[in-house]
Each structure stands twice: as C-alpha cells, then as structure tokens.
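Here are my notes for you to read with the model open beside them. Take the points one at a time and find each residue as you go.

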Amino acid sequence: MARIPTLSAVRGRLKTAGVLASTLVLAASLTACGGGGESTTPAAQNSAGSAVDANAFPTTIEHKYGSTTITQEPKRVVTVGLTEQDALLALGVIPVGVTEWLGKFPGTIAPWATDKLGGAALPEVLKDVDGPQYEKIAALKPDLIIALYSGLTKEQYDKLAQIGVPVVAQPKEYNDYGIPWQEATKKVGQAVGRATKANELVKGVEDKFAQVRKEHPEFEGKSALMASTYEGYFVYGSQDPRSRILESLGFKLPADLDAAIGDKFGKSLSAERTDLLDRDALVWLIDTPAKAAEILGKDALYTGLKVAKEKREVFIENEGTYGSAVSFVTVLSLPYVLDRIVPQLTAAVDGDPKTEVKPAG
C-alpha cells in the first residue's frame with residue numbers, strides 16, 4: 001500500500017465517526033480501567049543512565065486544548081502521537097503502547113531505534129484509523145498519554161481524558177503534525193522527568209546538522225523541496241518536519257510555498273503551480289522508482305523543468321526503512337537519515353547532470 005495515501009488518511013482526514021454511542025458508559029469504563037491493578041502488558045522499564053531530574057514533578061505542559069499537569073514520574077506511557085516512541089526510547093523509557101504509522105515494524109519500533117529496547121518486551125501496537133482506540137488504551141492502564149505529533153481533535157482529547165490520566169496533546173503554536181522534533185523531544189523529556197537528558201539528545205543531533213553544514217557549504221542558500229506523487233504532486237509545507245530537514249541542512253524552501261498550500265502540513269499542487277517544483281534539489285518520496293518514472297516521465301510540464309532536465313532529483317522509497325525514517329523525523333531517525341540523504345543531495349546540487357544520484361538503502 002502506498003505510504004502517502006495512508007499518511008493523508010491518518011493525518012489530514014481523521015474522522016470522528018465511530019465514537020461509541022454510550023458516552024457515559026464508556027467514560028465510566030475507561031476511568032475504571034485507568035486505575036491501578038495488575039496488567040498483562042509489561043510496565044515501562046527505564047534504561048541505565050536515564051535518571052529522573054531532581055524536582056522534575058509536578059510539571060505542567062501547555063498544549064492545544066489547555067494544559068496538563070503531571071504530578072509524578074509516569075511508569076506506563078502510551079503514545080497516541082505517531083512518532084513519540086523514539087523520544088521515549090532515547091530517554092530510556094519503554095512505552096507500553098504505541099500507535100502504528102509507517103513501516104509496520106514489530107512493536108512499531110523501527111530499526112534505527114531497536115537497540116534502545118535492550119531486553120524489554122515490545123509495546124502493544126495500537127491503530128489509528130478513525131481516531132484513538134480508547135478501550136484498548138484504557139486496558140493498558142497508562143499513567144500518561146502523549147499525543148504531540150498528532151491531529152488530535154478536541155472531542156478525541158476529551159475522550160482520552162476520561163481515562164483519568166494526564167493527556168498531553170499537540171502544541172497550539174504549530175499546525176497539526178507540525179511540532180518540530182526538538183520540541184517533541186523536550187516535551188517528552190519534561191513529561192517523563194528527563195528534561196536534562198532530552199536537551200542533551202537534541203544538542204547531539206543539532207551538532208550533527210551543524211557538522212554537515214560545515215562540510216557542505218554548497219547547500220547554503222540553495223532552494224529545495226520535498227514532494228510526493230500522491231494525488232498529483234503533493235508538496236510539504238514549511239511547518240512539516242520533513243521540510244525542516246532541508247532547512248536544517250542549509251537549504252531554503254520556496255518563498256511562496258505556504259501561500260500555495262495554506263495552513264496545512266502539505267497539499268497537492270494544481271497543474272499551473274508545477275513551477276513550484278523547479279528547485280536546486282527536489283526530494284521525491286515515492287512508491288517505487290519505476291512508478292515515479294512512469295508518472296513524471298509522462299508529464300510534459302514536469303519534464304520541461306530544469307530540475308528534471310538537470311537531474312537534480314532525489315528519490316526515496318516510502319516503503320523502505322529509509323523512507324520511513326525521513327517521515328518520522330525524530331531524535332533517533334535523523335542520524336540514520338543524514339547518513340543517507342547528504343550524499344544524495346550532494347550529487348543533486350553539484351551542477352553536473354551526469355552525476356548520478358544513487359539510491360540509498
């Protein structure tokens with residue numbers, strides 16, 4: 001199945017259909033399930049070297065639907081957001097439940113993050129089609145629910161809150177699914193009492209970006225864009241974490257990008273805006289190279305652009321681990337991405353059409 005249609009269904013078109021008819025009964029049930037007692041799922045386990053900060057609790061986190069106060073260290077964390085498991089694992093906290101998005105990895109723990117599990121059991125995998133699986137989440141007996149990289153609605157937030165534990169929704173300062181990886185890492189760190197470690201992790205990855213910029217001054221000021229062949233040509237806006245990868249490497253996004261797509265994380269372009277794709281480097285998230293060649297090669301508007309003529313394109317397959325890492329954009333996935341995308345971008349912007357932009361595994 002193509003990744004971008006799935007992404008669109010999960011992120012841009014979540015429905016609130018399927019809500020259980022008996023809200024009062026559900027609320028009582030969820031609250032009961034959210035209390036103490038034994039569970040058949042493993043409790044969250046903390047790795048060595050991830051001690052809780054002194055005076056970490058109580059802590060209050062502002063978000064789109066108000067604020068949430070966490071009074072003590074969470075032991076059983078469930079992620080309703082699609083990528084927060086990486087930040088938790090990097091901090092030494094094993095979630096008991098995670099929401100599946102890309103890659104279909106066991107326990108929704110990707111290869112770039114599996115070493116952080118140690119000997120811990122995989123978390124329970126939750127689905128998100130028409131919203132969170134409230135009863136399954138409650139059955140995990142969480143003491144914290146995190147939904148930072150999400151499009152959680154107010155109705156969904158309220159239903160999760162009925163479980164009777166702290167719920168941290170997406171921040172109001174950004175579009176839905178627009179929280180930067182740095183802030184996501186820091187907010188997760190704050191929520192689990194490990195803000196100091198979270199800051200260290202963020203600095204470590206930011207230092208990697210700084211080193212790449214130093215080694216590749218040719219990136220500075222070049223224009224770049226991330227796009228997909230979903231529903232025509234789908235481009236990612238300035239608040240999408242994928243676009244921020246390019247900016248962090250020194251590239252500039254098109255000046256009129258957000259004006260063309262509005263306040264969403266991305267949008268399909270009309271034919272008359274195909275010109276927006278004509279960049280110094282264009283990163284395509286695709287199903288397969290053959291499929292992309294078929295779609296792009298038949299479009300006279302696209303093949304007439306310099307980016308196509310001069311072969312300044314980078315193709316990344318959605319279905320692979322690399323493609324999933326590009327879309328995850330987390331403190332753990334980004335080093336994996338940099339090892340692969342930097343050589344590709346270097347080849348794309350070298351000014352020689354004969355330079356092959358090789359695929360990266």
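1. Let's start with a hole. The lining of the largest cavity is made of 10 nonpolar, 3 polar and 1 charged residues. In that tally, Ala, Val, Leu, Ile, Met, Phe, Trp, Tyr, Cys and Pro count as nonpolar, Asp, Glu, Lys and Arg as charged, and the others, Gly among them, as polar. A cavity is a set of points, on a 1 Å grid over the protein atoms alone, where a 1.4 Å probe fits but cannot get out; lining residues have an atom within 4 Å of a point.

2. Before going on, keep in mind that this is a predicted model: local features need pLDDT of at least 70, side-chain atom pairs count only at pLDDT 80 or more, and totals for chains, interfaces and linings use all residues. Residues are numbered from 1 along each chain as its sequence is written, and side-chain values use heavy atoms, with hydrogens and water left out.

3. How big is the largest cavity? Its volume is about 120 Å³, where volume is the space filled by probe spheres set on the grid points, which are joined across faces, edges and corners. Of its 14 lining residues, Thr-83, Trp-181, Ala-184, Val-329 and Thr-330 are the closest to its centre. Helix α6 gives the largest share of the lining, 3 residues. In total there are 3 cavities of 30 Å³ or more.

4. So what about α6 itself, residues 181-191? Because 9 of its 11 residues are buried, this helix is largely enclosed by the rest of the structure. Buried means under 20% relative accessible area, exposed over 50%, and partly exposed in between (1.4 Å probe, protein chains only). Trp-181 and Ala-184 are among the buried ones. The buried residues of α6 pack against β1, β2, α3, β6, α7 and α14. Just after the helix, Gly-193 has a positive phi of about 80°.

5. Zooming out, the chain has 14 helices and 12 strands. These are DSSP runs numbered from the N terminus: helices are H or I with at least four residues, strands E with at least two. Of the 361 residues, 53% count as buried.

6. Now find the largest nonpolar core, with 74 residues; Trp-112, Leu-249, Phe-251, Ile-341 and Leu-345 touch the most other members. Its largest share, 9 residues, comes from α14. A core here is a set of buried Ala, Val, Leu, Ile, Met, Phe, Trp, Tyr and Cys residues joined through side-chain atoms within 4.5 Å. In soluble globular proteins, nonpolar side chains tend to be buried together.

7. Phe-251 is worth a click: leaving aside neighbours within four places in sequence, its contacts (heavy atoms within 4.5 Å) include Phe-219, Leu-345 and Val-349.

8. Is Ser-150 buried or exposed? Ser-150 counts as buried, at 4% relative accessibility, and it sits in the loop between β6 and α5. A polar atom of its side chain lies 2.8 Å from the backbone oxygen of Ala-147. That is a polar contact: N or O atoms within 3.5 Å, where within protein one must be able to donate a hydrogen and the other to accept it, and residues adjacent in sequence count only if both atoms are side-chain atoms.

9. Last stop: Asp-352, in the segment after α14. Asp-352 is partly exposed, at 36% relative accessible area. A polar atom of its side chain lies 2.9 Å from the backbone nitrogen of Lys-354. Asp-352 and Glu-310 are 42 residues apart in sequence and 7.4 Å apart in space, C-alpha to C-alpha.

Technical notes:
On a 1 Å grid over the protein atoms alone, a cavity is a set of points where a 1.4 Å probe fits but cannot get out, and a pocket is an open set with protein on both sides within 12 Å along at least five of seven lines; lining residues have an atom within 4 Å of a point.
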